[in-house]
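The following paragraphs lead the reader through the place where two chains meet. The account begins with charged pairs and then turns to the helices that take part.

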2 protein chains.
Amino acid sequence: MKKYTTLILVGFIIVLAAGLAGTLLYLKNQPPQERGFEPIIEIAPMEPDSSKWGINFPNEYATLLKTGNNNTPTTYGGSEKFSHLIEDPRQVILFAGYSFSKEYNEDRGHQNSLTDVRAIKRVDEKTHATCYSCKSSDNPRLWSEMGMEAYDAKMFSEMTPEIQNPIGCANCHEAGTMRLIVTNPALEAALQAQGKDWQTFTRQEMRSVVCANCHVEYYFVGDKKVLTLPWMNGTRVEEIIAYYDSIGFSDWMYPGAETPMLKAQHPDFEMFTANSTHYQAGVACADCHMPYLRDGAAKYSSHDVHSPLLNPEQACGQCHTDVDYVVERVKTIQDEVYKAKLAAEDAIVDAITAIQAAAKVSDVDPILLDEARTLHRHAQFRWDFVSAENSMGFHNPEEVLCILGDATNLARQAQMKAAQAAHAPSILETGSYYTLPSVPTPVP
Amino acid sequence: MKKYTTLILVGFIIVLAAGLAGTLLYLKNQPPQERGFEPIIEIAPMEPDSSKWGINFPNEYATLLKTGNNNTPTTYGGSEKFSHLIEDPRQVILFAGYSFSKEYNEDRGHQNSLTDVRAIKRVDEKTHATCYSCKSSDNPRLWSEMGMEAYDAKMFSEMTPEIQNPIGCANCHEAGTMRLIVTNPALEAALQAQGKDWQTFTRQEMRSVVCANCHVEYYFVGDKKVLTLPWMNGTRVEEIIAYYDSIGFSDWMYPGAETPMLKAQHPDFEMFTANSTHYQAGVACADCHMPYLRDGAAKYSSHDVHSPLLNPEQACGQCHTDVDYVVERVKTIQDEVYKAKLAAEDAIVDAITAIQAAAKVSDVDPILLDEARTLHRHAQFRWDFVSAENSMGFHNPEEVLCILGDATNLARQAQMKAAQAAHAPSILETGSYYTLPSVPTPVP
């Protein structure tokens with residue numbers, strides 16, 4: 001009898017130990033607010049000063065501060081402020097006549113948002129206050145206190161005294177509950193227009209949607225420059241172009257070509273959610289850009305947001321077992337996308353040259369020339385939708401390569417339309433064309 | 001003391017049981033030849049009759065036979081013999097002047113290889129015996145007995161009596177050892193030219209390389225039509241084109257355009273191994289197309305080779321836990337590739353139209369016209385390298401989309417060169433161009 005008792009007792013011990021270990025592991029894996037977190041200080045609603053939130057959340061705050069100094073570059077991006085115009089002089093041509101041809105740098109981390117927006121040559125006395133919309137944790141408070149109208153009436157420099165804090169806690173979190181929230185009224189309106197209420201979203205959905213508070217394509221409506229997302233037809237690039245066409249919007253007129261141009265901002269959210277591999281797999285932006293870290297027994301999400309290529313063990317290793325393989329894949333894909341991006345740029349530069357030449361011809365066909373301009377407009381926005389996006393294609397490789405293929409195709413068609421408009425094939429003589437082989441064409 | 005004895009005994013039992021289970025599981029997971037398999041009958045070297053091999057390997061043989069009847073289509077492929085020319089009439093234009101414009105069907109399974117090659121309208125009295133090279137398990141025996149010369153001297157119909165068996169065991173296995181082997185002398189030579197000896201390859205490498213016995217780009221050298229793989233510069237599409245250019249090879253002359261054309265065969269191996277996701281992850285062709293199945297305690301590799309979309313639970317489920325997600329990804333990617341493929345076809349058809357028109361112009365510039373032809377040749381081979389490949393891009397989505405983007409870009413350049421050659425932009429008037437929006441071009 002005694003040996004059975006022993007066995008039963010040992011069995012009990014094993015079951016209890018396993019249960020305890022499991023429960024501890026479960027608790028350890030819960031985000032802070034679900035652990036019954038007790039705050040040290042109370043945070044006022046929309047508190048813009050992140051250091052106050054940092055008293056309750058020292059790990060999150062310490063990692064947020066790192067975005068101020070983590071300026072490490074990657075092959076194609078990272079957080080170093082290099083000049084896109086120097087790295088790729090085609091972009092000086094592509095943005096001619098627009099402020100992006102003056103200065104266009106790779107973004108640095110969130111803590112540098114105010115320093116960098118105030119230093120950039122694109123901002124001058126004609127810059128509107130709306131340009132602060134994505135740069136500061138003061139925005140949610142200002143929007144709440146004064147409405148979007150606070151910006152509508154002011155210039156950039158007039159708003160400066162109100163804007164004290166770089167991007168921080170209040171841009172994505174609700175004080176007290178700490179839940180993730182949409183703070184940008186333009187995003188809320190764009191979602192509503194699609195029949196979506198973010199309040200019904202899951203936490204995993206919100207771990208991407210809060211990034212869309214800023215990382216989206218947007219434009220300014222009317223003289224008051226009201227921040228608006230062009231999502232009325234949908235969030236795919238062709239749907240956004242169709243929307244801009246339907247309202248007759250353009251950002252600037254291309255000099256000499258007289259093409260009404262569109263400038264893409266940073267449509268990271270739209271690109272990622274356009275059926276990308278990771279999005280279809282249920283992955284959120286934060287899974288890769290804000291991986292969970294440990295501080296002793298505490299588990300927290302890193303707020304040192306940057307390229308996952310700078311910490312692939314944490315960023316990719318949460319799901320992928322072979323991190324070296326994954327990093328190699330990213331490299332392969334980004335190299336391919338970069339090549340396709342340059343091919344599109346060459347084609348668009350050629351289209352610009354052709355349209356400019358055609359516009360000078362006295363008996364040019366105005367309808368064909370306008371068609372060439374529309375092709376230029378659509379081609380360049382497609383390219384820019386990829387180029388302005390922060391992943392050199394990795395957020396959605398197949399979608400990006402399709403968009404770039406279309407951009408090149410349209411740019412070449414713009415060239416042809418320009419030649420037709422000018423009745424002059426000589427317009428096609430100069431261009432960045434495919435290098436033909438030196439061997440003679442074989443005869444079978 | 002007694003309770004310790006009980007514990008020790010129980011411990012022993014657990015350890016032994018776990019050891020036994022582990023060993024059995026290990027043995028169960030070994031491929032047949034490593035299990036110390038004892039054959040029922042002895043198989044002669046290069047035995048062409050697969051039914052004999054089937055006595056020793058009834059499961060493998062039973063699944064091989066299924067390739068004769070498994071004619072299920074997938075969205076873009078599968079094993080149903082539908083006509084590519086009917087499904088996509090652009091291909092009638094693209095292959096004008098060549099036998100592929102007569103009849104071009106989707107491939108059926110391995111067991112149909114002889115039936116289908118003998119029935120196709122492409123084969124006529126001028127067809128050479130080399131066309132049997134990839135269609136029969138008699139080939140290894142014939143190559144061994146008579147050398148490649150056996151084919152070099154004969155026409156297709158003359159060889160027919162020697163060719164009795166469809167693709168089978170002898171195409172990939174060594175009788176006796178059952179190891180995977182390169183049987184096609186052209187593949188062996190192509191690997192040797194790259195300094196590679198397949199005898200040193202791992203078993204996992206061979207589980208892809210044996211597919212390259214047939215699923216590769218090839219051409220016939222000289223009057224004797226010696227089967228040759230054009231891999232001397234490498235296996236990427238641009239390296240293959242450069243090789244064909246360097247030796248002045250072409251498959252046919254495009255009527256009216258007089259472009260010396262290249263026809264791609266089925267470069268599945270080249271496409272898959274060009275840094276695809278799965279190849280970089282160490283996956284072999286057989287992992288997806290010949291997944292392991294069970295017959296009671298026996299584990300065997302399915303020889304019912306077909307699209308993994310017809311059995312994703314087995315094919316993808318060996319590595320991927322969420323098969324629904326994976327199938328959805330394949331659909332997304334193939335839809336994107338199909339769209340990009342049609343865009344390339346439209347551009348190439350436009351290039352052909354333009355070159356044909358230019359060739360009729362009396363004072364055409366012959367140098368520019370030849371450049372247009374070379375662009376047509378290079379564009380169409382790129383497109384065909386994707387189109388003739390059996391995966392609608394899934395073997396390597398990023399590579400495929402880059403190749404298609406290049407094909408479209410080159411075809412548009414061919415159009416422009418033709419217009420320049422003819423001094424006539426009117427040549428560009430007809431074409432499958434981007435549909436311009438009906439709204440007027442906005443003015444900022």
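A salt bridge is a side-chain nitrogen of Lys or Arg that lies within 4 Å of a carboxyl oxygen of Asp or Glu. By that rule, 2 salt bridges are counted between chain A and chain B in this predicted model. Over all chains, the structure holds 38 salt bridges. Side chains of opposite charge can pair when their charged atoms come close. A:R329 provides an example, forming a salt bridge with B:E398 in which the closest N and O atoms are 3.2 Å apart. This pair crosses between chains, linking B:E398 in helix α19 of chain B to A:R329 in helix α17 of chain A.

In it, 58 residues of chain A are in contact with 58 residues of chain B. The size of an interface is often given as the accessible area lost when the parts come together. For chain A and chain B the buried area is about 5400 Å², with 66% of it on carbon and sulfur atoms. The interface also has 20 residue pairs in polar contact, both residues being at pLDDT 80 or more.

On the side of chain A that touches chain B, two or more residues come from each of α1 (2-28), β3 (252-253), α14 (277-280), α17 (323-359), α18 (366-387) and α19 (397-421). The largest share, 14 residues, is given by α19(A). Sorted by class, this side of chain A has 28 nonpolar, 17 polar and 13 charged residues.

Helix α19(A) can now be followed to its partners in chain B. It packs with α19(B), residues 397-421, at an angle of about 0 degrees, and the two axes are 9 Å apart. Angles under 35 degrees count as roughly parallel, and α19(A) and α19(B) are therefore roughly parallel to each other. Among the residues that make this contact are A:L401, A:C402 and A:M416 of α19(A) and B:L401, B:C402 and B:M416 of α19(B). By class, the contact has 8 nonpolar, 8 polar and 4 charged residues.

A further partner of α19(A) is α17(B), residues 323-359; the axes of these helices come within 10 Å and cross at roughly 10 degrees. That angle makes α19(A) roughly parallel to α17(B). The contact is made by A:E398, A:E399, A:C402 and A:N409 of α19(A), together with B:R329, B:I333, B:E336 and B:A343 of α17(B). These residues divide into 3 nonpolar, 1 polar and 4 charged.

Technical notes
Residues numbered from 1 in each chain as written. Chains lettered and ligands numbered in written order. Predicted model: local features only at pLDDT ≥ 70, side-chain atom pairs only at ≥ 80, totals over all residues. Heavy atoms only, no water. Contact = heavy atoms within 4.5 Å. Buried area = accessible area lost by both parts, 1.4 Å probe. Polar contact = N/O pair within 3.5 Å; in protein donor to acceptor, adjacent residues only side chain to side chain. Helix = DSSP H or I, 4+ residues; strand = E, 2+ residues; numbered from the N terminus. Nonpolar A, V, L, I, M, F, W, Y, C, P; charged D, E, K, R; others polar. Axes fitted to C-alpha atoms, helices over the stretch in contact; angles between N-to-C directions. Parallel < 35°, antiparallel > 145°, perpendicular 65-115°, else oblique.
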